[in-house]
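I opened my notebook to look up pockets and charged pairs. Here is what I went through.

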Amino acid sequence: MEFRFLNKKFSYRRFSYSPMYYDERKERLELKKAEYDKLNAENITEDDRKRILRQNLQDSFQRSKHAQTQRSSANIRTIILILVILALGYFIFNGLDDVDVVVKKIM
């Protein structure tokens with residue numbers, strides 16, 4: 001009696017998998033290049049011109065919104081840092097004995 005499943009050599013299965021990488025920034029850049037080439041060729045329709053203008057306005061709005069968010073977060077960090085420095089200066093000049101009193105008042 002022969003047990004083929006015991007003597008069988010396993011062969012590895014090979015897959016031809018090539019991972020895909022999607023770069024949104026690169027795609028947007030290629031679209032803008034194509035749009036500017038159309039603008040330079042001067043054979044652009046009115047609908048394409050409106051679409052390009054609308055896209056440019058959306059991009060500028062997103063950039064300004066991002067800059068505003070960055071500015072506000074930087075301002076908040078600056079205010080917190082100033083408050084911490086003022087609190088440390090207060091405790092250094094008035095002595096560390098008042099720390100317990102202040103902590104009890106806060107809590």
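First, a term I needed: a pocket is an open set of grid points with protein on both sides within 12 Å along at least five of seven lines, and its lining residues have an atom within 4 Å of a point. I also noted that this is a predicted model.

**Entry: the largest pocket**

I looked up the volume. The largest pocket holds about 190 Å³ of space.

Which residues line the largest pocket? I listed Arg 25, Arg 28, Leu 29, Lys 32, Asp 59, Gln 62 and Arg 63.

I then sorted the lining by type.

Next I checked the helices. Both α2 (24–41) and α3 (46–94) supply at least two residues of this lining. Which of the elements gives the most to the lining? That is α2, with four residues.

**Entry: the salt bridge**

How many salt bridges does the structure hold? I found one. Lys 32 and Asp 59 form this salt bridge, and their closest N and O atoms are 3.0 Å apart. Lys 32 sits in helix α2 and Asp 59 in helix α3, so the pair ties together parts that are 27 residues apart in sequence. I noticed both names in my pocket list too: Lys 32 and Asp 59 are among the lining residues.

**Entry: buried or exposed?**

I looked up both partners. Asp 59 has a relative accessible area of 11%. Buried means under 20%, so Asp 59 is buried. Lys 32 has 27% relative accessibility and counts as partly exposed.

Notes: Residues are numbered from 1 along each chain as its sequence is written. This is a predicted model: local features need pLDDT of at least 70, side-chain atom pairs count only at pLDDT 80 or more; totals for chains, interfaces and linings use all residues. Side-chain values use heavy atoms; hydrogens and water are left out. On a 1 Å grid over the protein atoms alone, a cavity is a set of points where a 1.4 Å probe fits but cannot get out, and a pocket is an open set with protein on both sides within 12 Å along at least five of seven lines; lining residues have an atom within 4 Å of a point. Grid points are joined across faces, edges and corners, and a volume is the space filled by probe spheres set on the points. A salt bridge is a side-chain nitrogen of Lys or Arg within 4 Å of a carboxyl oxygen of Asp or Glu. Buried means under 20% relative accessible area, exposed over 50%, partly exposed in between (1.4 Å probe, protein chains only).
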